[in-house]
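Have the structure open as you read.

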Amino acid sequence: MIFLRSLAFNVAFYVWTAVICVGILWSLLLPRRSMIRVITWYFGTVSWLERTLAGIRYEVRGREHVPKSGSFLLAAKHQSAWETMKLHFLVNDPAIILKRELLWIPIWGWYAARSRMIAVDRGAKGRAVASMVRNARPVRDEGRPIVIFPQGTRVAVGAYRPYRIGVGVLYDHLDIPIVPMALNAGLYWARNSFIKRPGTIIVEFLPPIPPGLGRAKAMQELEERLEAATDRLVVAAGGPATVRPKAAEPATAAVSETAS
């Protein structure tokens, strides 16, 4: 039954997405915020497909920890494509840090560029960090939340991957709080998996890490709190806790990105 429901959902999702990508090209001519409303409508139809065909629902906890105004860094766990399609429901007008190559995808990349996401050239190394900060400053000044996946890519439930320095650099230079976002989406919509398992995904916002703590302390607090909360959600739903190496790798100079 799970296989048949997954088949129905995957076919419907990819066919509908292809139709919509072409069908709403006219929205690129609208003001940016109006175009975002059209795209958010599409994400809502995907949520309906998830509920109806795959049996996937979601619950949000800790909304009181999300600032009501002003910019902040949303440091989110990244386990699947699921959370990338829910960000516009979770926070207002997010600017997602993503790898520049995603902007080259025909049609989809046009929407991402028009949405004014923050693109990063991973191959530029040190220059990429400076570019990320430079492009994030006007977003901060607009009061938009900045979404970053601190591990830099999708990470399977139970797997360990060190946190990258990009979130710490932004924290240092932008002087805004970090709001950690834990979830257990990978149990139901696993990374690169055809199977979609029915159940309720939990998304949980944690209390903000205030600005001014210093990069090293803020990154340590972020990793400890976000990993502990994610493990709690995953284990409560019957999944495995993260297996960490005895000596965790230090944060690298690479920057973070969105879905890969």
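## Largest pocket

The largest pocket holds about 970 Å³ of space. The model is a predicted one: local features need pLDDT of at least 70, side-chain atom pairs count only at pLDDT 80 or more, and totals for chains, interfaces and linings use all residues. Residues are numbered from 1 along each chain as its sequence is written, and side-chain values use heavy atoms, with hydrogens and water left out. A pocket is an open set of points on a 1 Å grid over the protein atoms alone, where a 1.4 Å probe fits, with protein on both sides within 12 Å along at least five of seven lines; lining residues have an atom within 4 Å of a point. Volume is the space filled by probe spheres set on the points, which are joined across faces, edges and corners.

The lining has 36 residues, and Phe 43, Ala 81, Thr 84, Met 85 and Trp 108 lie nearest the centre. Helices (H or I, at least four residues) and strands (E, at least two) are DSSP runs, numbered from the N terminus. H1 gives the most, six residues. By class, 23 lining residues are nonpolar, 10 polar and three charged.

## Second pocket

The second largest pocket has a volume of about 250 Å³. Its lining has 17 residues, with Pro 67, Lys 68, Phe 72, Val 91 and Asn 92 nearest the centre. Six are nonpolar, four polar and seven charged. In these counts, Ala, Val, Leu, Ile, Met, Phe, Trp, Tyr, Cys and Pro are nonpolar, Asp, Glu, Lys and Arg are charged, and the others, Gly among them, are polar.

## Nonpolar cores

The largest nonpolar core has 42 residues. Such a core is a set of buried Ala, Val, Leu, Ile, Met, Phe, Trp, Tyr and Cys residues joined through side-chain atoms within 4.5 Å. Buried means under 20% relative accessible area, exposed over 50%, partly exposed in between (1.4 Å probe, protein chains only). H2 gives this core its largest share, nine residues. Apart from it lies another core of 33 residues, including Ile 97 and Val 129.

## Ser 80

Ser 80 sits in the loop between E2 and H3. This serine counts as buried because its relative accessibility is 0%. Leaving aside neighbours within four places in sequence, Ser 80 is in contact (heavy atoms within 4.5 Å) with Arg 154, Ala 185, Trp 189 and Ala 190.
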